[in-house]
Amino acid sequence: MIVTRKKDVETVKKHASKARKVIIVGCSECAAICRTGGSEQVREMAEAFSDREVLATISIESPCDKRISTRDFKRIEEELADADALIALTCGSGAQAISEVTGKRVVAALDTDFVGMVERLGRFYERCSHCGECILNETALLCPVTLCPKGVRNGPCDGIKGTACEVYEDRECVWHAIHSRLTERGELEAFTVYHAPVDWSECHSPKEAVWERS
Ligand code: SF4
Ligand code: SF4
């Protein structure tokens, strides 16, 4: 899930200062779960823009999916034609997708933080930095690229303090945790596997995944 944070409302309004007629766009998937772009936040943003004309509010199931955005914007075609700007309570991908499908000025109202694992509402944790060369099978399913603050792929680093991380002393070094888990599993030989640095020539932004339909 994409974890987002609300931008300050005054900052959002400043970016939309030239827009007199706006549409507030929410996301009923990730941003709704984060309580940054659900129906309640859409309503709050509409109130914040009460000094302008709010032509419509809309919650799109996955605004980052251009097929779904295209379909859902058909419900407010007239308002869309009239709008000066769309206020996007979505992640950065969603904001760009709705810009592309509508051709309208879009103001991003959220900051996009990370791809998160959900424990429960309000508890989201980064577990993968999408490095593109996954080593989880050799690290007992603990990601050192993400869980180590230095992203060390062959650890631990020199700074390890006993079993604790030198950066976060209240946390176990992920490489110690990997060693323990591999030991429990009887898979300690995996600890000696050397992980080559990520080939950044093959792993850089913008990434694309394109395949032909079978
Ligand atoms: S190694 Fe870590 S950052 Fe890379 S793909 Fe696997 S889980 Fe994600
Ligand atoms: S002590 Fe472990 S988790 Fe902390 S920075 Fe070093 S290798 Fe990474």
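## Serine 62 and its contacts

Serine 62 is in contact with Glu29, Ile68 and Ser69, leaving aside its neighbours within four places in sequence. Contact here means heavy atoms within 4.5 Å. Serine 62 sits in the loop between S3 and helix H4 (66–73). Helices (H or I, at least four residues) and strands (E, at least two) are DSSP runs, numbered from the N terminus.

Serine 62 counts as buried because its relative accessibility is 18%. Buried means under 20% relative accessible area, exposed over 50%, and partly exposed in between (1.4 Å probe, protein chains only). The C-alpha atoms of serine 62 and alanine 83 are separated by 21 Å. Along the chain, these two are 21 residues apart.

## Basis of the model

This is a predicted model: local features need pLDDT of at least 70, side-chain atom pairs count only at pLDDT 80 or more, and totals for chains, interfaces and linings use all residues. Residues are numbered from 1 along each chain as its sequence is written, chains are lettered from A and ligands numbered from 1 in the order in which they are written, and side-chain values use heavy atoms, with hydrogens and water left out.

## Domains

The domain assignment gives domain 1 (2–114) and domain 2 (131–192). Such bounds come from an automatic or database domain assignment. The C-alpha centres of domain 1 and domain 2 lie 40 Å apart.

## Helix H4

Ile68, Ser69, Asp72 and Phe73 are buried in H4. They line one face of the helix, because they fall within an arc of 125° seen down the axis of H4. The arc is that of the directions from the helix axis to the C-beta atoms. S2, S3, H5, S4 and H6 pack against the buried residues of H4.

## Helix H6

In helix H6 (residues 92–102), the buried residues are Gly94, Ala95, Ala97, Ile98 and Thr102. Their arc is 165° seen down the axis, so they line one face of H6. The face turned away from this buried side carries exposed Gln96 and Glu100.

The buried residues of H6 pack against S2, H4, helix H5 (77–82), S4 and strand S5 (105–108). Glycine 103 follows H6. Its phi is positive, near 70°.

Helix H3 (residues 39–48) has Gln41, Val42, Met45 and Ala46 buried. These cover an arc of only 145° around the axis, which puts them on the same side of H3. Arg43 and Glu47 are exposed on the other side. The cover over the buried residues of H3 includes strand S1 (2–6), helix H1 (9–15), strand S2 (21–27), strand S3 (53–60) and strand S4 (85–89).

Threonine 36 lies in the loop between helix H2 (30–33) and H3. Its relative accessibility is 5%, so threonine 36 counts as buried. Not counting residues up to four places away in sequence, threonine 36 touches Thr4, Arg5, Lys6, Ala31, Gln41, Leu89 and Leu110. Its side chain makes a polar contact with the side chain of threonine 4 (2.7 Å). A polar contact is a pair of N or O atoms within 3.5 Å; within protein, one must be able to donate a hydrogen and the other to accept it, and residues adjacent in sequence count only if both atoms are side-chain atoms.

## Ligand 1

The residues around ligand 1 (a heavy atom within 4 Å) are Cys128, Ser129, His130, Cys131, Cys134, Ile135, Leu136, Cys143, Val145 and Thr146. By class, this shell has seven nonpolar, three polar and no charged residues. Ala, Val, Leu, Ile, Met, Phe, Trp, Tyr, Cys and Pro count as nonpolar, Asp, Glu, Lys and Arg as charged, and the others, Gly among them, as polar.
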